[in-house]
Amino acid sequence: MPTLPVNEPEPAPSPERSPGLAILVLVAALTLPLPAAAGVRPAYGGEVRVALPAAPRITDPALATDPGDLLLVRAIHATPLELDADGRLSPGLLEEVPAPEAGGRAFRLRLRAGLRFSDGTPIAASDVAAAFVRLLAREGPAPNAWIALPVLGAEAFQAGRAATLAGVQVLSDRELLVTLASAMPEWPWALAAPAAAVVSRGGAGAGPFVLQGLDGAGARLAANGLHWRGRPFADRLTVKGADPRAAARALSGGDLELVLRPEAVPGATATAPSPPLLATYAVVNWRRLGSGAERVRRVLGALDRAELGKLYARGPSAPTSTLVPQPVLAGPAAAPASPSAPGAPGIPGQARLVLLAAADVPDQRALAERLQVKLFDAGVRAAAELEGGGRFAARLAAEDFDVALVPVQVTALAPALAGGQVALATRGPGAARRAMTELAGLPAAAAAPRAERLTRTLDLVPLFSTGVRASAGPALQGLRIRADGAIDLGDLWLLRREGP
Amino acid sequence: MLALPALLAALAAAPPIAAPPAGAPPPPALTAVAADLARAVGAPLDDRRGLALRVETRAPALAAPLETALADALARQGYAVAPQRGAADAEAAARAGGQDWLLRVQAGLVPGRREIALVGEVIPAWESFFLQRRPGARAVPPRLVQARGAADPETLLLGREERPAGAPFARVRTLTRLPGRVLALAVGDAGDGPAIAAAMPGAVLLLSGDGAVRARREPDRAGWAPVRDPAATLAIGDFGGARLAVQWAGAPRTEVLARRGDRLEVVASLPAAPLCAADGARVFGQFVAGTGLLADLLAPVVDPAARPRSERTLYGVAAAARGGTYAFAALGTDLNLVLLGPDLEPAGPVLAGAGVGFALADLDGDGTAEVVTSSPTATAPDRVRVLAPATGRPLVFESDPLDGLLLAGAGGDLTGDGADDALLGLVGRGPDGAPVTDLLLVTSDLRELP
């Protein structure tokens with residue numbers, strides 16, 4: 001079946017492919033039996049209704065990390081770069097993919113002419129610079145700081161030792177120069193991540209849709225006629241949360257057009273998996289566990305990760321062996337299990353180990369319960385404690401756990417950036433800097449063993465990564481899952497068939 | 001004797017004859033071309049006036065009228081004409097009948113041109129005293145005469161060959177492949193014969209009738225509004241000083257283009273989108289702002305004050321090259337195709353389920369256009385379908401599945417048989433994965449049929 005998207009992106013200057021990207025592109029390209037109407041061009045109008053496992057809550061690109069929030073961020077905001085159908089970087093707000101200068105330490109970013117936020121204010125180079133600064137928030141969480149951490153002066157700025165971000169120079173209304181602390185030729189891949197999106201001073205985005213309302217039921221959005229690619233096909237978009245049964249019922253009843261869940265919706269017209277880029281890591285808290293930490297680490301390390309993914313992930317999954325998720329690396333497909341830990345007495349002084357997990361991320365509860373059993377079998381008693389969004393992040397930051405299961409939705413497809421993103425989420429900015437410095441510029445073959453060493457150094461236990469399945473109703477067209485798992489909601493449109 | 005196909009091919013390569021001078025209405029094409037051939041034969045030599053006339057045509061319907069026209073023209077030259085039909089050996093029959101000459105004429109339509117060509121052999125048939133011992137010998141060497149003239153619609157109708165029993169209604173073949181995605185197509189006379197125009201996201205091309213690129217233009221996109229789904233409208237017709245007009249969705253105005261060598265140059269601009277043109281008529285409309293769709297606005301003239309008739313939006317509008325009952329068709333985004341008369345008012349049934357790659361073309365030359373369209377199914381491969389709404393058998397042809405999407409179309413005579421052909425743009429991927437468009441010729445020209 002031809003799956004040619006009828007909207008062709010602007011020509012891109014053929015940037016290098018990300019190491020390890022081929023496998024992602026293969027996944028995304030070969031598994032898209034989604035509707036592509038033969039002989040029909042997109043129609044405009046109507047409402048596209050999307051259901052997720054949970055309603056999105058966060059619209060700030062600097063703060064969003066959950067898959068649902070990231071989907072909403074992509075609907076509202078625009079990024080400097082995009083990924084094309086072949087998984088290559090392509091221009092977004094920038095008029096071209098920046099070429100590395102100064103040996104991979106500097107990048108000149110030039111905006112397209114005539115860009116505007118959805119509120120009508122022009123987008124200037126200073127807005128892009130402000131986006132980097134926002135990512136390095138000095139107060140409060142900065143979960144997406146990994147994009148700006150490589151920039152020269154980021155550490156000093158974040159620590160309050162510098163008033164400005166030294167590595168970002170605004171050259172004109174449309175051009176800025178970004179200088180990194182050290183060479184990282186693959187840094188432009190960060191500019192395609194949703195966290196790199198540009199936000200106006202008033203909080204407006206430049207994405208295909210404008211937020212009209214956000215509450216516990218979900219988000220309501222309207223078309224943004226000022227998007228750089230032109231207005232989206234749908235007039236309106238709603239994104240809400242729904243349990244599996246409700247989602248299936250709504251999809252079959254024509255009350256939803258798209259369901260994004262780990263499992264396929266029975267009876268859906270078409271389904272396609274996204275690349276498994278939601279990676280889960282077990283973080284062992286040495287400070288609290290003391291000498292017992294090694295024991296816990298060995299138990300977790302001995303788990304059969306392929307089996308874990310098969311049994312406890314409802315969606316497409318892949319075992320993960322390093323801090324860089326397997327799909328980003330063109331390394332071995334399966335992670336070997338460590339030798340089984342011998343039976344041993346419990347952890348001295350530790351009556352019951354606290355196993356912290358995210359309550360609102362799919363499969364985390366089942367995984368935590370499985371780990372409880374495995375730890376018990378090894379003589380370690382554990383109590384799973386599930387926390388939602390903000391509470392989970394706060395306890396993670398405060399190291400209020402013995403073992404934490406940290407899910408990270410990896411959004412950059414270069415190993416150095418993916419490693420930095422995971423290291424930041426699990427071990428903080430220092431670890432992220434180290435990971436990015438060590439992996440920068442490495443081809444996939446060299447990045448894999450380095451990532452493995454880093455994983456040991458950062459004391460992470462990689463488990464598996466998962467994706468979601470997109471289940472579409474019969475009228476939905478234009479659905480394409482990118483190599484980074486993103487969906488451009490502005491490309492979705494509804495096939496209208498009416499009698500004469 | 002020359003083989004007729006080779007002869008016609010040679011004639012096709014020759015330059016066209018001049019059009020008849022303005023003034024009095026031209027005589028019927030058959031009369032004119034017969035007179036030309038008779039002049040080429042010349043007056044009777046040595047008072048030898050007996051002439052056997054043998055006419056052979058590929059289209060049977062053409063033979064008798066042409067024979068009449070030639071007999072009349074030759075009689076005016078002073079010959080006593082005896083039509084000869086059916087004899088296996090025409091020359092022997094002429095001799096046996098006591099004729100002085102045998103004029104054996106072969107005739108047919110010139111491929112790629114709206115012209116009829118006649119080729120005659122003037123063969124002496126009288127008995128010569130000096131050749132008694134060689135009864136088959138000719139008294140003087142035979143000579144070749146020929147004539148060619150513009151074919152009027154009646155001649156095109158007569159010259160059209162009948163489809164053999166069991167032959168398919170149409171054939172689909174690739175005319176040429178263009179890199180990139182074709183957004184819109186037009187077929188017509190761009191000033192020097194049949195031509196194709198193709199609008200792409202970053203260029204407009206003018207091609208010859210056989211698909212060779214003749215000229216191109218890359219527009220300056222500065223100031224254009226972005227449109228998520230690139231689209232364009234394109235027409236070949238009379239646009240006041242030039243014959244090609246194009247507007248891209250998001251562009252501020254229509255460009256009227258004239259060919260200068262291998263370039264297309266802007267000679268004027270219009271504040272309305274050229275939806276289609278044919279048979280002296282042009283239809284203008286407008287894009288819905290910010291989209292690649294058209295408003296429900298069809299106007300015969302550029303009228304900046306014109307307003308859409310409804311909220312309905314259109315994918316495109318097509319014209320039949322020679323008008324007729326179904327002179328135009330408009331495809332809505334509801335995938336309903338509305339057939340329109342010359343006055344742009346509904347003139348036939350609404351066809352549900354037409355694809356955006358569609359054309360109006362009178363493929364069988366019966367005077368009423370067929371709808372050549374794609375197959376807008378959500379999961380199946382695309383196909384070319386020919387619908388004849390005026391008949392009791394609407395689907396008269398369906399092609400094999402195609403590897404790609406039919407996203408543009410236009411109608412007009414590209415093979416030169418006098419009947420329309422359809423041209424559809426099949427968008428797919430080339431060997432390197434980049435978008436390509438195959439221009440598919442859909443024709444009922446018997447010379448194309450297997």
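Guide: The model shown here is a predicted one. The domain assignment of chain A places residues 41-77, 207-274 and 469-500 in domain 1, residues 79-206 in domain 2, and residues 278-466 in domain 3. Where domain 1 of chain A meets domain 3 of chain A, 13 residues of domain 1 are in contact with 14 residues of domain 3. On the side that belongs to domain 1 of chain A, the residues touching domain 3 of chain A comprise seven nonpolar, one polar and five charged.

Two helices of chain A deserve attention next. Two packed helices are described by the angle between their axes and the distance between the axes. For helix 12 (residues 429-439) of chain A and helix 13 of chain A, the axes come within 10 Å and cross at roughly 155 degrees. Because angles over 145 degrees count as roughly antiparallel, helix 12 of chain A is roughly antiparallel to helix 13 of chain A. The crossing of helix 12 of chain A with helix 13 of chain A is right-handed. Helix 12 of chain A contributes A435(A), E438(A) and L439(A) to the contact, while helix 13 of chain A contributes A447(A), R450(A), A451(A) and L454(A). By residue class, this contact of helix 12 of chain A with helix 13 of chain A holds five nonpolar, no polar and two charged residues.

The loop between helix 13 (444-457) and strand 18 (460-466) of chain A contains D459(A). Most residues other than glycine have a negative phi. D459(A), although not a glycine, has a positive phi of about 55 degrees. D459(A) counts as partly exposed, with 17 C-beta neighbours inside 10 Å. A second residue with a positive phi is A102(A), which is not a glycine and whose phi is near 50 degrees. A102(A) sits in the loop between strand 4 (100-101) and strand 5 (106-110) of chain A. With 11 other C-beta atoms within 10 Å, A102(A) is exposed.

Helix 3 (residues 125-135) of chain A is mostly covered, since eight of its 11 residues are buried. The buried residues are A125(A), D127(A), V128(A), A129(A), A131(A), F132(A), R134(A) and L135(A).

One further residue of chain A may be followed on its own. K374(A) belongs to helix 9 (residues 364-377) of chain A. K374(A) is partly exposed, having 18 other C-beta atoms within 10 Å. Neighbours within four places in sequence set aside, K374(A) is in contact with V299(A) and L303(A). By contrast, 45 Å separate the C-alpha atoms of K374(A) and D491(A), which are 117 residues apart along the chain.

Chain B may now be set beside this account. Chain B has five helices and 28 strands. Of the 450 residues in chain B, 50% are buried. Among contacts in chain B between residues at least 6 apart in sequence, 55% join residues at least 24 apart.

The domain assignment of chain B gives domain 1 (4-16 + 27-159) and domain 2 (171-443). The centres of domain 1 of chain B and domain 2 of chain B, taken over C-alpha atoms, are separated by 42 Å. Their contact draws 10 residues from domain 1 of chain B and seven residues from domain 2 of chain B. Helix 5 (residues 153-159) of chain B supplies three residues, the largest share of the side of domain 1 of chain B that touches domain 2 of chain B. That side of domain 1 of chain B divides into six nonpolar, two polar and two charged residues.

The axes of helix 2 (residues 29-41) of chain B and helix 3 (residues 60-76) of chain B come within 8 Å and cross at roughly 45 degrees. Helix 2 of chain B and helix 3 of chain B are therefore oblique to each other, and the crossing is right-handed. Among the residues making the contact are L30(B) and A34(B) of helix 2 of chain B and L66(B) and R76(B) of helix 3 of chain B.

Note on methods: Residues numbered from 1 in each chain as written. Chains lettered and ligands numbered in written order. Predicted model: local features only at pLDDT ≥ 70, side-chain atom pairs only at ≥ 80, totals over all residues. Domains from an automatic or database assignment. Contact = placed C-beta atoms within 7 Å. Nonpolar A, V, L, I, M, F, W, Y, C, P; charged D, E, K, R; others polar. Axes fitted to C-alpha atoms, helices over the stretch in contact; angles between N-to-C directions. Helix = DSSP H or I, 4+ residues; strand = E, 2+ residues; numbered from the N terminus. Parallel < 35°, antiparallel > 145°, perpendicular 65-115°, else oblique. Left-handed = near helix turned anticlockwise from the far one by under 90°. Buried ≥ 20, exposed ≤ 12 C-beta atoms within 10 Å, placed from the backbone.
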